[in-house]
Amino acid sequence: MNALVQLAAEEPQNPLIPPIPELVIGLIAFAIVFGFLAKKLLPNINKVLDERREAIEGGIEKAEAAQIEAQQTLEQYKAQLAEARHEAARLRQEAQEQGAVLIAEMRAEGQRQREEIIAAGHAQIEADRRQAAQALRQDVGKLATDLAGKLVGESLEDVARQSRTIDRFLDELETKAASAETGAAR
């Protein structure tokens with residue numbers, strides 16, 4: 001117990017302030033640990049932090065570059081799409097114009113063919129009418145000659161006279177028919 005009394009007799013110490021020898025030893029230990037950390041660990045930590053910062057900045061730059069490139073590509077695609085739409089509209093317009101030209105050509109060709117067919121039909125009808133008129137003249141002339149021969153009692157076979165008589169008779173009939181048509185038209 002003696003030791004306790006002697007301790008109590010010594011100077012009262014503040015529990016918050018450590019004894020000086022402990023404080024000096026603590027400061028030296030702290031300086032050694034701090035020096036070790038500053039020499040060995042701090043450069044490695046700074047190096048890792050610099051690498052991370054560069055990676056982040058590089059990533060940001062790469063992202064910005066990629067975004068710019070993506071924007072340029074998007075604008076190129078939009079321009080190409082607009083050009084393709086314009087080209088498609090132009091091709092549609094050309095196709096419509098060509099179709100209209102083809103339709104007009106086909107109509108003109110059809111009209112021309114129709115007129116040719118009509119003209120050929122009229123020509124054929126006129127040729128058939130002339131042929132029928134000629135055949136009718138011959139038949140009427142023969143019948144008239146036979147009838148006149150029976151009336152007169154002799155044969156009227158002189159071909160030249162017969163032909164003139166028939167032509168004169170038919171011309172008179174045609175003149176009368178034409179005048180009758182003109183009178184009916186008035």
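**Terms and their grounds**

Author: The protein exposes about 16,800 Å², of which carbon and sulfur atoms supply 62%. The model is a predicted one. It has 3 helices and 0 strands, in the order α-α-α along the sequence. Of the 186 residues, 3% count as buried.

Reader: Why is the pair of Phe 30 and Phe 34 called stacked?

Author: The structure holds 1 aromatic pair. The ring centres of Phe 30 and Phe 34 are 6.1 Å apart and the planes stand at 20°. Centres must lie within 6.5 Å for a pair, and planes under 30 degrees apart count as stacked; the pair is therefore stacked.

Reader: What separates Phe 30 and Phe 34 in helix α2?

Author: About one helical turn separates Phe 30 and Phe 34, because they are 4 residues apart in helix α2.

Reader: What makes the contact of Arg 90 and Glu 94 a salt bridge?

Author: The closest N and O atoms of Arg 90 and Glu 94 are 2.3 Å apart, and the cut-off is within 4 Å; the contact is therefore a salt bridge. Being 4 residues apart in helix α2, the two residues are separated by about one helical turn. Arg 90, at 33% relative accessibility, counts as partly exposed, as does Glu 94 with 32%.

Reader: How do you know that Arg 130 and Glu 126 meet in a salt bridge?

Author: Their N to O distance is 3.3 Å, which falls under the cut-off of within 4 Å. Arg 130 is exposed, with a relative accessible area of 55%, whereas Glu 126 is partly exposed at 28%. Elsewhere, salt bridges with shared partners join Glu 87, Arg 90 and Glu 94 into one network. The whole structure has 7 salt bridges, including that of Asp 50 with Arg 53, whose closest N and O atoms are 2.9 Å apart.

Reader: Why does Leu 42 count as partly exposed?

Author: Buried means under 20% relative accessible area and exposed over 50%. Leu 42 has 41% relative accessibility, so Leu 42 counts as partly exposed. This residue lies in helix α2, residues 20-152. Leu 42 also belongs to a nonpolar surface patch of about 620 Å², made with Val 33, Phe 36, Leu 37, Leu 41, Ile 45 and Leu 49.

Key: Residues numbered from 1 in each chain as written. Predicted model: local features only at pLDDT ≥ 70, side-chain atom pairs only at ≥ 80, totals over all residues. Heavy atoms only, no water. Patch = residues over 30% accessible without salt bridge, like charges linked within 9 Å, V, L, I, M, F, W, Y side chains within 5 Å. Areas by Shrake-Rupley, 256 points an atom, 1.4 Å probe, with all protein chains shown as cover. Salt bridge = Lys/Arg side-chain N within 4 Å of Asp/Glu carboxyl O. Buried < 20%, exposed > 50% of the residue type's maximum accessible area, 1.4 Å probe, protein only. Phe/Tyr/Trp six-rings, centres within 6.5 Å; stacked < 30°, edge-to-face > 60°.
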